[in-house]
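Trainee: I have a model open and would like to learn how to read its side-chain features. Could you take me through it?

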Amino acid sequence: SIGVFAEAGHALDDSQRLVGGLRFDRLNVDNEKTTGSGALSSDTDRTRAAFVRYEQETASRLYYVGLGHAERPADWWERSTYNNFFLDPEKSNQIDAGVIHAGEKWRTSVSVFIARIDDFILTRNDNTARNIDASTHGAEADLAYALGGSWKATAALAWVRGDNDTDHVPLAQIPPLEGRLGLGYDDKTWSLGVLARAVDNQD
């Protein structure tokens with residue numbers, strides 16, 4: 001595997017900026033599970049990724065909206081366990097937007113996204129995998145509050161919906177609704193915390 005990436009930022013004025021990046025990767029994989037002929041199968045994936053994000057910052061808030069494209073080749077587990085060595089890389093196009101607010105004691109953030117995924121790698125219980133087209137969308141919110149001293153309380157909520165557009169059914173391998181509540185202590189020498197998670201049923 002070999003890759004190269006670059007990222008740059010450009011200030012539009014004192015409160016607005018653009019950030020963008022590019023990445024290129026080349027992955028070569030050899031299948032050592034040889035056939036009776038002893039032939040060795042190999043596959044080469046060339047993937048690319050790019051993003052551009054607009055940000056506007058005020059005294060206490062950061063607003064952003066971004067557009068990104070990413071490609072992911074099949075990993076070792078998907079190729080070997082699910083009996084499909086030649087899987088196409090996933091290709092995802094995503095738009096996301098959000099706002100981050102930082103006050104004297106409060107820090108909150110809310111973000112939303114929508115994505116279209118071509119050649120999504122879908123694995124099945126019968127140890128097979130194939131490429132499908134899919135779409136996802138979701139939202140996430142988190143909150144942190146400084147209680148005083150070295151104590152901080154946190155809360156978070158995340159939700160994602162996925163659709164298998166090829167078979168017109170809900171998309172598998174999607175995490176269900178999840179919430180978290182936490183309490184932490186950090187005096188820069190010692191840190192400790194407790195975290196409670198509540199996760200919805202997955203159907």
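**Salt bridges, cores and a surface patch**

Mentor: Let's start with a pair: Arg79 and Asp45 are both buried, where buried means under 20% relative accessible area, exposed over 50%, and partly exposed in between (1.4 Å probe, protein chains only). Keep in mind that this is a predicted model, so local features need pLDDT of at least 70, side-chain atom pairs count only at pLDDT 80 or more, and totals for chains, interfaces and linings use all residues. Residues are numbered from 1 along each chain as its sequence is written, and side-chain values use heavy atoms, with hydrogens and water left out.

Trainee: What joins the side chains of Arg79 and Asp45?

Mentor: A salt bridge, at 2.7 Å from N to O. The term means a side-chain nitrogen of Lys or Arg within 4 Å of a carboxyl oxygen of Asp or Glu. Arg79 sits in helix 1 (residues 76-81) and Asp45 in strand 3 (residues 41-57), so this pair links distant parts of the chain, 34 residues apart. Helices (H or I, at least four residues) and strands (E, at least two) are DSSP runs, numbered from the N terminus.

Trainee: How many salt bridges does a search of the whole structure find?

Mentor: The count is 18. Take Glu90 and Arg72, with their closest N and O atoms 3.2 Å apart. Glu90 belongs to strand 5 (residues 90-102) and Arg72 to strand 4 (residues 61-72), so the bridge ties together parts 18 residues apart in sequence. Glu90 is buried at 11% relative accessible area, while Arg72 is partly exposed at 30%.

Trainee: Now the nonpolar side. Which residues make up the largest nonpolar core?

Mentor: The general idea is that in soluble globular proteins, nonpolar side chains tend to be buried together. A nonpolar core is a set of buried Ala, Val, Leu, Ile, Met, Phe, Trp, Tyr and Cys residues joined through side-chain atoms within 4.5 Å. The largest one has 7 residues: Ile117, Phe120, Leu122, Ile132, Ala134, Leu171 and Ile174. Strand 6 and strand 7 (129-148) each supply at least two of its residues, and strand 6 gives the most, with 3. Another core, of 5 residues, lies apart from it and includes Ala74, Leu87, Ile121 and Ala129.

Trainee: And where is Asn164 found?

Mentor: In strand 8 (residues 151-164), and with 4% relative accessibility Asn164 counts as buried. Leaving aside neighbours within four places in sequence, Asn164 is in contact (heavy atoms within 4.5 Å) with Leu122, Ile132, Asp133, Val169, Pro170 and Leu171. A polar atom of the Asn164 side chain lies 2.9 Å from the backbone nitrogen of Asp167.

Trainee: Which residues make the nonpolar surface patch?

Mentor: Leu12, Leu18, Val52, Val65, Leu67, Ile95 and Ile114, covering about 570 Å². Ile114 is in strand 6 (residues 106-123) and counts as exposed, with 51% relative accessibility. Patches are made of residues with over 30% relative accessible area and no salt bridge: like charges are joined within 9 Å, nonpolar side chains (Val, Leu, Ile, Met, Phe, Trp, Tyr) within 5 Å. Accessible areas come from the Shrake-Rupley method with a 1.4 Å probe, and for residues only the protein chains shown count as cover.

Terms used:
A polar contact is a pair of N or O atoms within 3.5 Å; within protein, one must be able to donate a hydrogen and the other to accept it, and residues adjacent in sequence count only if both atoms are side-chain atoms.
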